[in-house]
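Student: Could we go through this model together, one question at a time?

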Amino acid sequence: MSPIRLTVEALDLPLKHTFTIARSSASVARTAIVRLRWNGIEALGESAPSERYNEDVASVIAGLDALELGDDPYALERLLTGLPPAQACGLDIALHDCIGRDLDLPLWRLFGLDPARTPRTSFTVGIAGTEETLDKVREVGTHPILKVKLGGGNDLETIEAIRSIYTGTIRVDANEGWSPEQAVKNLAELAKFDIEFCEQPIPAGSPEKLRWIRERSTIPIVTDEDSKDARDLPALRGCVDGINVKLVKCGGIRGALAMIHTARAMGLKIMLGCMLETQILTAAAAHLSPLVDWADLDGPFLTASDPFSGVSYVNGKIVLPDGPGLGVRQTSGSLS
Ligand code: MG
């Protein structure tokens, strides 16, 4: 067997619209593209680290460049254990793509999943003024699910305005932007607009406050920043209705499977989410999506250009690629 060779490079992804959430704003997203070569196979991985979780593209590249990987891409446990999550994510996805290509199987098939059982994804609308928000919603058209970012100060007007022109499902994400008292008040007022659930209403680290909010809200509560990996889940028992699983937070496909199975055992609902990212990361999550209740895998809708293709959508429903591994192809030559 040949040695595993890895190259990792930064990619700046221009976004269609400046993307604003409760704590930050961006018009370009920086991601790390991983290429893994082994036995004539070229596999792809990606990590889109968030400073919220104390990693960035430079730390991912430096960490992965320093690894000695040996010659066995199937040695997932040995290769991935102990790496910081965003680093692990990039390598984990490339290793799974490599294994799928070596076996000539799409990842959904390798995991024994039914590609017909994919959920519909939401389409995320960032924080903006009311008129700009309405323009974005009109642009989204008939897409069946919106995820609206809140925590920007005019939350109720935003949802009221969106509801006046949009009849589909609305879920909201406050990205830790409220206090527990604000959360209870806002959720009570938002309830009349038929909200599917609210993601991470308050800063992470206080499961008992989430329980307090949940006991006072008819809108289900879902964590994101509070549920980084499977180890975070036991503390959330009885405090929330569901969790958002993101590959970059939990170390990739392997970490996501651990979260999904732990959450299922606890009776929690599960969403698969994404970062601002290319089709590589989105496809990696999408292959697991037959296991979950909700998807927020809308990276491809938010980027202005993506050098990779893989997942497609039919009225929001995720269509998994049939090619081996991730089934992702590079469709434009230059990465930057
Ligand atoms: Mg979120």
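Student: Is Cys-239 buried or exposed, and at what relative accessibility?

Tutor: This is a predicted model, in which local features need pLDDT of at least 70, side-chain atom pairs count only at pLDDT 80 or more, and totals for chains, interfaces and linings use all residues. Residues are numbered from 1 along each chain as its sequence is written, and side-chain values use heavy atoms, with hydrogens and water left out. Buried means under 20% relative accessible area, exposed over 50%, and partly exposed in between (1.4 Å probe, protein chains only). Cys-239 therefore counts as buried, at a relative accessibility of 0%.

Student: Which residues are the protein donors of the magnesium ion?

Tutor: Donors are N, O and S atoms within 2.8 Å of the metal (3.2 Å for Na, K and Ca), and since water is not among the atoms, sites may look incomplete. The donors here lie 2.0 to 2.3 Å from the magnesium ion, and their residues are spaced D-x25-E-x24-D in sequence. They are Asp-173 (OD), Glu-199 (OE) and Asp-224 (OD).

Student: Are Glu-199 and Asp-224 buried or exposed?

Tutor: By the cut-offs already given, under 20% for buried and over 50% for exposed, the two residues can be assigned. Both Glu-199 and Asp-224 are buried.
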